[in-house]
Amino acid sequence: MNIIFLGAPGAGKGTQAEKVSARYGIPAISTGAIIRSAIKTGTPMGTAAKAYTEKGALVPDEVVIGIIKERLAEEDCKNGFILDGFPRTVPQAEALDTMGVKIDLVISIEVSDEAIVDRMSGRRVCDACGASYHVKYNPSKDGVTCDKDGTTLTQRKDDKPEVVLDRLSTYHETTEPIKGYYEGTGKLRIVDGEQSVDEATAAVFATIDNVG
Ligand code: AMP
């Protein structure tokens, strides 16, 4: 099954995408994680994307569409995939259609702006494996290092309070209209993202099982 997760930054798309990946055995593809890794290794794409991500702006469509095209051509996507953070603009959604990518389900994880700000200020990530935690709602075992590989957790530069508000307004202006794009297809489902992580996961699994 090919699934898209929509939702504001910090809504829990990445966390739920990982759970779905583990349960259904399909890869979770995060354009944000691919971009962060390219920035870290200093590839030309990473160098070009750095200024945009650091100020909370979107990377140009043609760059992210190129990333997704390459990634979806890989062997592990043959039996399905989960898109976390793509599409983020209507032209990106149209690009999937143009590429002939069939989408079975679009899950929008919905969380109020107040809760988003609270979540993003407490989010901590592992720079080595990309795992995401929250100091209050989803802490790692010792609260300081990654459960998977022991790397010291850090705060993303774009999770700093001054950048979070810009990312939220970008979400409302540019990404939220994608819901309208998929509404007419009958494939859009809404999941309440303000429940606990486990409750939201149960709702996501139920949504997928209903379709599959
Ligand atoms: P994320 O980890 O999904 O919050 O993405 C982090 C940052 O990467 C975003 O704030 C954007 O700068 C960039 N990015 C990720 N996905 C996209 C996308 N589909 N379109 C444009 N920019 C993106």
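**Exercise 1.** How are α1 and α9 oriented to each other: roughly parallel, roughly perpendicular or oblique? Work from the predicted model.

*Solution.*
Step 1. Two packed helices are described by the angle between their axes and the distance between the axes.
Step 2. For helix α1 (residues 13-24) and helix α9 (residues 197-211), the angle is about 55° and the axes lie 10 Å apart.
Step 3. Angles under 35 degrees count as roughly parallel, and 65 to 115 as roughly perpendicular.
Step 4. The helices α1 and α9 are therefore oblique to each other.
Step 5. The crossing of α1 past α9 is right-handed.

**Exercise 2.** Which residues make the contact between α1 and α9, and how do they divide into nonpolar, polar and charged?

*Solution.*
Step 1. From α1 come Thr-15, Gln-16, Lys-19, Val-20, Arg-23 and Tyr-24.
Step 2. From α9 come Val-197, Asp-198, Ala-200, Thr-201, Val-204, Phe-205, Ile-208 and Asp-209.
Step 3. Seven of the contact residues are nonpolar, three polar and four charged.

**Exercise 3.** Describe the largest nonpolar core and the contacts of Ile-4.

*Solution.*
Step 1. This core has 24 residues, and Ile-4, Leu-72, Leu-83 and Leu-96 touch the most other members.
Step 2. At least two residues each are supplied by β1 (2-6), α4 (61-72), β3 (81-84), α5 (90-98) and α8 (178-183).
Step 3. The largest share, five residues, is that of α4.
Step 4. Leaving out residues up to four places away in sequence, Ile-4 touches Leu-83, Phe-86, Pro-87, Leu-96, Ile-103, Leu-105, Val-106, Ile-107 and Tyr-182.
Step 5. Another core, of 22 residues, lies apart from the largest one and includes Ala-11, Leu-105, Ile-109 and Val-204.

Key. Residues are numbered from 1 along each chain as its sequence is written. This is a predicted model: local features need pLDDT of at least 70, side-chain atom pairs count only at pLDDT 80 or more; totals for chains, interfaces and linings use all residues. Side-chain values use heavy atoms; hydrogens and water are left out. Axes are lines fitted to C-alpha atoms, for helices over the stretch in contact, and angles run from 0 to 180 degrees between N-to-C directions. Helices (H or I, at least four residues) and strands (E, at least two) are DSSP runs, numbered from the N terminus. Angles under 35 degrees count as roughly parallel, over 145 as roughly antiparallel, 65 to 115 as roughly perpendicular and the rest as oblique. A crossing is left-handed if the near helix is turned anticlockwise from the far one by less than a right angle, and right-handed if clockwise. Contact means heavy atoms within 4.5 Å. Ala, Val, Leu, Ile, Met, Phe, Trp, Tyr, Cys and Pro count as nonpolar, Asp, Glu, Lys and Arg as charged, and the others, Gly among them, as polar. A nonpolar core is a set of buried Ala, Val, Leu, Ile, Met, Phe, Trp, Tyr and Cys residues joined through side-chain atoms within 4.5 Å. Buried means under 20% relative accessible area, exposed over 50%, partly exposed in between (1.4 Å probe, protein chains only).
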